[in-house]
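User: Please take me through the terms applied to this model, and show for each how the value compares with its definition.

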Amino acid sequence: MQIYFHLFGHSIPAYGLLIVLGVITANLLGAVIIRRYRLDFNDFIILEAYAFLGGFLGAKVLYLAVSFQDIDWSRILEPAYFNSLMQGGFVFYGGLIGGIAAVLCASRLHKIPCSPYLRHCIFLIPLIHCFGRVGCFFAGCCYGIPWDGLFCVTFPQGSLAPAGVPLFPVQLAEAFCLLALSLLLRYLDTVLTHFYAVETYLISYGIIRFVLEFFRDDSARGKLLFLSTSQWISLLLTGCCLYLLKRRAGQSKAAPKPPAQSGTSQTP
């Protein structure tokens with residue numbers, strides 16, 4: 001069962017509305033950031049367009065991969081079944097990887113230096129994701145484990161979550177963590193001269209997602225051995241980022257220092 005907001009006589013799905021609000025909020029903040037750091041707004045729009053395209057494709061492909069056994073492939077050519085399959089079901093990590101890959105491709109194709117955009121705007125990703133997780137809560141998807149402790153929630157009949165069962169509000173817990181991460185990334189960008197924005201974001205979110213996956217109970221997660229698909233991806237991304245940071249630290253130490261300038265100068 002989808003929850004709707006009623007605005008001006010129209011019923012709008014809460015999940016879709018929150019996604020739209022997240023994107024609008026991120027773009028408004030992005031416009032402020034672009035102006036503050038004197039970046040090119042047209043380049044920002046190009047990178048954003050590639051990011052959304054790559055994110056959509058990546059999120060859908062990973063969803064199809066983890067849900068492979070649950071899909072009725074004999075009906076894949078039926079228009080109604082195919083449309084329902086394409087309209088619903090996305091995995092965030094697939095969208096994140098696809099979005100970053102698309103931004104890097106756009107940077108090469110259009111000769112746009114993406115580093116300043118990634119550094120100053122990386123905080124917008126967890127911000128949009130925060131809106132999306134609140135939308136998940138309203139839709140009942142990505143629900144938590146049975147939980148009768150503090151902050152437990154019960155979903156109504158017809159929801160994507162089990163009806164009438166007290167559950168851990170993992171969607172709201174992740175939304176809170178994402179909001180905190182967004183604020184932290186923005187703060188680090190303002191106070192640090194050298195800031196590895198992408199690595200910091202991926203490591204931080206990888207830890208958050210790895211822990212919270214233990215509190216999820218929905219079936220569309222995928223599982224390999226004793227961990228979910230997202231937990232394996234979290235470990236892989238976190239490990240790669242830590243390796244890159246260690247490698248960069250080693251390169252900076254090995255780099256020759258510029259010769260010290262003499263206190264006196266000579267003129268010809």
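**Terms and values**

User: Why does tyrosine 93 count as buried?
Analyst: Tyrosine 93 has a relative accessibility of 1%, and buried means under 20% relative accessible area, with exposed over 50% and partly exposed in between (1.4 Å probe, protein chains only), so tyrosine 93 counts as buried. The model is predicted, so that local features need pLDDT of at least 70 and side-chain atom pairs count only at pLDDT 80 or more, while totals for chains, interfaces and linings use all residues. Residues are numbered from 1 along each chain as its sequence is written, and side-chain values use heavy atoms, with hydrogens and water left out.

User: Where is tyrosine 93 found, and how far is it from threonine 229?
Analyst: Tyrosine 93 is found in helix 4, where helices (H or I, at least four residues) and strands (E, at least two) are DSSP runs numbered from the N terminus. Although tyrosine 93 and threonine 229 are 136 residues apart in sequence, their C-alpha atoms are 9.4 Å apart in space. The chain has 9 helices and 4 strands, and buried residues make up 38% of its 268 residues.

User: What makes leucine 225 exposed?
Analyst: Its relative accessibility is 66%, and leucine 225 therefore counts as exposed. Leucine 225 is found in the loop between strand 3 (223-224) and strand 4 (227-228).

User: Which residues form a nonpolar patch on the surface?
Analyst: Leu224, Leu225, Phe226, Trp232 and Leu235 form this patch, with about 550 Å² of accessible area together. Patches are made of residues with over 30% relative accessible area and no salt bridge, nonpolar side chains (Val, Leu, Ile, Met, Phe, Trp, Tyr) being joined within 5 Å and like charges within 9 Å. Accessible areas come from the Shrake-Rupley method with a 1.4 Å probe, and for residues only the protein chains shown count as cover.

User: How do you know that glutamate 174 forms a salt bridge with arginine 133?
Analyst: The closest N and O atoms of glutamate 174 and arginine 133 are 3.2 Å apart, and a salt bridge is a side-chain nitrogen of Lys or Arg within 4 Å of a carboxyl oxygen of Asp or Glu. This pair links distant parts of the chain, with glutamate 174 in helix 7 (residues 170-191) and arginine 133 in helix 6 (residues 124-139), 41 residues apart. Both glutamate 174 and arginine 133 are buried.

User: What separates aspartate 189 and arginine 186 along helix 7?
Analyst: Because they are 3 residues apart in helix 7, aspartate 189 and arginine 186 are separated by about one helical turn. Their side chains meet in a salt bridge at 2.8 Å, N to O, and both residues are buried.

User: Which residue forms a salt bridge with aspartate 218, and what network is there?
Analyst: Aspartate 218 forms a salt bridge with arginine 216, the closest N and O atoms being 2.8 Å apart. Salt bridges that share partners join Arg209, Glu213, Arg216 and Asp218 into one network. The structure holds 6 salt bridges.

User: Which helix gives the most to the lining of the second largest pocket?
Analyst: Helix 4 does, with 5 residues. This pocket is lined by 19 residues, of which Ile100, Leu118, Val198, Glu199 and Arg248 lie nearest its centre.

How values were computed: 1 Å grid on protein atoms, 1.4 Å probe; cavity = no way out; pocket = protein on both sides within 12 Å on 5 of 7 lines; lining within 4 Å.
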